[in-house]
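Dear colleague,

I am passing on the structure below, together with some notes on what was found in it. Please read them alongside the coordinates.

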Amino acid sequence: MSISAVDVRAIARLARLSIAESDIPVYAGQLSSILDFVAQMNAVDTAGVEPLAHPLELSARLRADTVTETDRRTELQAGAPETADGLYLVPQVIE
Amino acid sequence: MEWQPVIGLEVHAQLATQSKIFSGAATAYGAAPNVQACGVDLGLPGVLPVLNAQAVELAVRFGLAIDAEIAPCSVFARKNYFYPDLPKGYQISQYEHPIVGCGHLRITLDERELDIGITRAHLEEDAGKSVHGVVSGRTGIDLNRAGTPLLEIVSEPVMHSAREAVAYMRELHRLVRHLGICDGNMQEGSFRCDANVSLRPAGSDTLGTRTEIKNLNSFRFVERAIEFEIERQRDILEDGGKVVQETRLYDPDKDETRTMRTKEDAHDYRYFPDPDLLPVSVSADDLARIRATLPELPAARIARYVDDYGLGREDAALLVNEPAVAAFFEASLGPLEVPAKAVANWITGEVFGALNRAGLAVDDIPITPAMLNQLVARIGDGTVSGKGAKTVFQAMWSEGGLPDDIIEAQGLKQVSDSGAIDAIVDEVIAANPAQVQDYLAGKEKILGYLVGQAMKASKGKANPAAVSALLVDKLKGD
């Protein structure tokens with residue numbers, strides 16, 4: 001399985017990672033060998049096997065629809081870099 | 001060339017739960033920023049989502065109402081993208097295994113019945129809200145809405161006009177409100193939709209390139225946006241051009257759609273099953289229990305009003321639009337026996353008018369069904385005239401009280417016994433010899449004038465039907 005330089009740039013962009021142009025061949029090689037490693041599983045015959053959504057063969061425990069969390073904005077916002085009027089502030093986003 | 005529009009809708013209905021889909025924070029609308037956003041909603045490290053049982057219940061209720069297959073096992077997946085109002089960097093949604101499978105909804109448009117296929121409906125969490133203009137150069141983030149449960153309802157691309165799309169959306173709106181799964185408040189964003197629109201040559205069965213119009217939050221905008229988009233695509237195709245697959249936004253002020261993002265920068269969401277959440281199972285017992293709680297569905301209720309009460313379809317639909325109005329209507333049909341049509345007319349006329357003038361919601365109707373029932377009964381048995389009834393209605397709307405007491409207190413009782421009317425009628429005949437001559441000469445329309453004179457003389461209390469009958473008797477009898 002071969003990952004190209006174009007793939008590496010696309011993956012880095014989706015993950016919002018800034019990578020040096022000179023490192024791209026290295027990442028391409030590493031990502032390719034990870035995929036090759038996993039690709040060994042393609043040799044297993046999975047005909048008739050149900051896809052697995054979760055390794056634990058259990059189903060979800062549900063919670064009752066009640067409000068259990070009260071307002072802790074002050075404490076939660078203490079860790080935020082910037083806030084105003086109860087809002088978290090981020091660099092301006094324009095659609 | 002003749003073009004056929006093809007439209008599919010994705011409707012987001014906010015589920016009527018008290019708490020969020022994966023956390024115990026409240027979902028109430030209108031709270032101060034971020035007071036309803038806990039660690040789970042903020043995506044803090046170390047927290048885990050736990051699914052809200054009621055969100056599952058409401059989704060299943062919807063699925064059963066559209067005859068869909070409910071997945072015995074459905075799976076939550078992560079939809080990955082970066083945006084400041086999505087703190088985790090992914091939205092928890094359902095992808096390959098939605099809880100509600102293929103179903104359908106019957107709609108009526110211009111007396112035609114259409115069956116609209118619904119591809120699927122899945123559970124997901126809402127994102128937060130961006131607030132602009134609070135601090136210059138910054139965007140404010142309010143995460144109260146983050147984690148609010150949504151049911152995304154995806155239709156088949158089977159609608160062919162903006163009106164069909166709106167009729168489907170209205171029927172869906174009626175349905176979710178009747179089921180009590182969504183409050184349907186469009187101003188608050190509880191019920192909103194994305195529209196997929198494409199054109200193809202009439203008669204073709206391959207789909208053309210589509211555009212998606214995002215975030216339409218009123219029936220009117222849905223209709224206008226789709227109409228605009230159909231025209232825009234037709235112009236491009238007629239000129240020999242190609243429609244570009246893209247996401248567009250509708251601008252209600254300019255009444256046009258414009259590009260938001262094109263296919264080149266379309267998101268690559270890299271869905272994968274969320275390892276924090278186990279698959280959701282819904283048993284046959286759950287299905288039977290939930291099925292037993294389903295109310296009468298709006299389409300059936302409208303049909304019943306038409307068949308059993310002789311209402312027109314439009315009037316029936318008007319009553320059924322709001323479950324609270326339908327309940328008020330049904331409660332107003334007793335204890336006194338009254339014609340259902342008259343009750344319906346009072347509700348769609350006087351009650352709706354008064355609500356509008358007062359700016360009240362239907363849940364706040366200040367009169368009771370028993371009051372309206374008695375009022376309609378008193379018109380029927382001749383106690384009060386139609387005009388007097390409106391006075392009674394105004395009084396009970398603003399001050400309360402039963403019609404019988406108001407009629408008594410304000411002296412609105414109609415005079416129907418011939419003894420009392422007799423004298424008045426004699427007076428009118430004596431005072432209007434010219435009109436009486438005209439009437440006897442064959443100008444029957446003049447009778448209305450004479451009835452009017454008698455009504456005036458009785459200060460409006462005489463029963464006009466009784467006056468009219470007596471006048472005719474006396475004039476013709478002479």
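Which residues does B:Glu57 touch, not counting residues up to four places away in sequence? They are B:Arg289 and B:Ile290, where touching, or contact, means heavy atoms within 4.5 Å. B:Glu57 counts as buried because its relative accessibility is 16%, buried meaning under 20% relative accessible area (1.4 Å probe, protein chains only).

As to provenance, this is a predicted model, in which local features need pLDDT of at least 70 and side-chain atom pairs count only at pLDDT 80 or more, while totals for chains, interfaces and linings use all residues. Residues are numbered from 1 along each chain as its sequence is written, chains are lettered from A and ligands numbered from 1 in the order in which they are written, and side-chain values use heavy atoms, with hydrogens and water left out.

Turning to the interface, 49 residues of chain B are in contact with 34 residues of chain A. The area buried between the two chains (accessible area, 1.4 Å probe, lost on being put together, summed over both) is about 3,500 Å², of which carbon and sulfur atoms give 63%. On the chain B side, B:Phe82, B:Arg138 and B:Leu278 lose the most area to chain A, together 16% of what that side buries.

The rule finds one salt bridge across this interface, a salt bridge being a side-chain nitrogen of Lys or Arg within 4 Å of a carboxyl oxygen of Asp or Glu. B:Arg138 and A:Glu82 meet through their side chains in a salt bridge, at 2.7 Å from N to O.

With best regards

Note on methods: Buried < 20%, exposed > 50% of the residue type's maximum accessible area, 1.4 Å probe, protein only.
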